[in-house]
Amino acid sequence: MKLVRYGHSCVLVETAQARLLFDPGAFSNGFESLRDLDAVLITHQHYDHIDTEKLPALLAANPAARLIVDPGTTKTIENLDIPVTTAHPGDTFDLGGTRIDVVGGQHATIHTDIPVIPNVGYVIDGGAFYHPGDAFFVPEHRIDVLALPTAAPWLKAAEVVDYLRAVSPRLAIPVHDGMLATPAVYIGLYTNLAPDGTEVRAAAHGEPVVL
């Protein structure tokens with residue numbers, strides 16, 4: 001597999017069979033020119049994970065791409081007049097021969113005064129790659145490559161370390177860092193506290209990473 005990161009939580013994952021774009025949001029850029037996508041997958045409705053202004057043009061330029069979203073996002077895009085598939089935990093999809101398992105269900109708690117919204121995670125090919133969105137859900141799958149949330153209003157660094165240890169992937173790619181001035185500070189912390197056998201590797205914007 002190959003991964004290209006377009007900022008914040010937006011990543012393109014290329015398997016032997018499919019090109020899958022995850023969470024093209026408002027804090028991300030460069031994904032607008034992508035072509036030959038098989039699917040665009042959205043974990044939840046927050047604007048840093050789905051840019052509703054850019055999404056219609058992206059899908060128009062990728063007519064074969066399937067849009068897959070969580071239940072909350074279905075309502076967010078209902079006025080865009082674009083075909084959509086709603087993903088629920090427990091669902092599975094076949095995208096050009098690549099299997100997607102839907103896991104999770106809820107966004108992490110930001111504050112008790114803020115309602116919890118839906119959030120789904122996507123596991124590729126039985127654990128080859130996992131994008132959890134904004135949640136610390138640990139799937140039953142043995143995860144090889146994890147998109148690791150780095151910083152957000154809903155997390156603290158200690159929770160990220162505990163999550164990294166719970167999932168214990170071979171490789172963790174830090175994501176969700178669009179609000180940080182110095183992501184390297186957090187990445188260094190997670191690198192030092194990662195479990196044995198886990199590599200934390202930063203992915204530069206727009207540069208392919210072989211997984």
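1. Start with Arg201 and Glu199: they form a salt bridge, with the closest N and O atoms 3.0 Å apart. The term here stands for a side-chain nitrogen of Lys or Arg within 4 Å of a carboxyl oxygen of Asp or Glu. Arg201 is partly exposed at 27% relative accessibility, and Glu199 is partly exposed too, at 36%. For those labels, buried is under 20% relative accessible area, exposed is over 50%, and partly exposed is in between (1.4 Å probe, protein chains only).

2. A word on what you're looking at: this is a predicted model, where local features need pLDDT of at least 70 and side-chain atom pairs count only at pLDDT 80 or more, while totals for chains, interfaces and linings use all residues. Residues are numbered from 1 along each chain as its sequence is written, and side-chain values use heavy atoms, with hydrogens and water left out.

3. The salt bridge count comes to seven. One of them joins the side chains of Lys2 and Glu14, at 3.9 Å from N to O. Lys2 sits in strand S1 (residues 2-5) and Glu14 in strand S2 (residues 11-14), so this pair ties together parts 12 residues apart in sequence. Helices (H or I, at least four residues) and strands (E, at least two) are DSSP runs, numbered from the N terminus.

4. Arg19 and Glu14 are both buried, whereas Lys2 counts as partly exposed at 31% relative accessibility.

5. Now the strands around Lys2. S1 and S2 run antiparallel and are joined by four bridges; strands count as paired if DSSP finds at least two bridges between them. Leu3 has Val13 as its bridge partner in S2. The hairpin of S1 and S2 has five residues between the strands, and Gly7 in this hairpin takes a positive phi near 95 degrees. S1 also pairs with strand S14 (residues 209-210), again in the antiparallel sense, over two bridges. There, Lys2 has Val210 as its bridge partner.

6. On to the rings. There are five aromatic pairs, meaning rings of Phe, Tyr and Trp (its six-membered ring) with centres within 6.5 Å; planes under 30 degrees apart are stacked, over 60 edge-to-face, and the rest tilted. Phe22 and Phe129 make a tilted pair, 5.7 Å centre to centre with 50 degrees between the planes. Phe22 lies in strand S3 (residues 19-22) and Phe129 in strand S10 (residues 129-131), so the pair ties together parts 107 residues apart in sequence. Phe22 is buried, with a relative accessible area of 0%, and Phe129 is buried at 0% as well. Phe22, Tyr122 and Phe129 form one aromatic cluster.

7. Which residues does Leu41 contact, leaving aside neighbours within four places in sequence? They are Leu20, Leu21, Phe22, Asp23, Ile68, Ile100 and Tyr122, with contact meaning heavy atoms within 4.5 Å.
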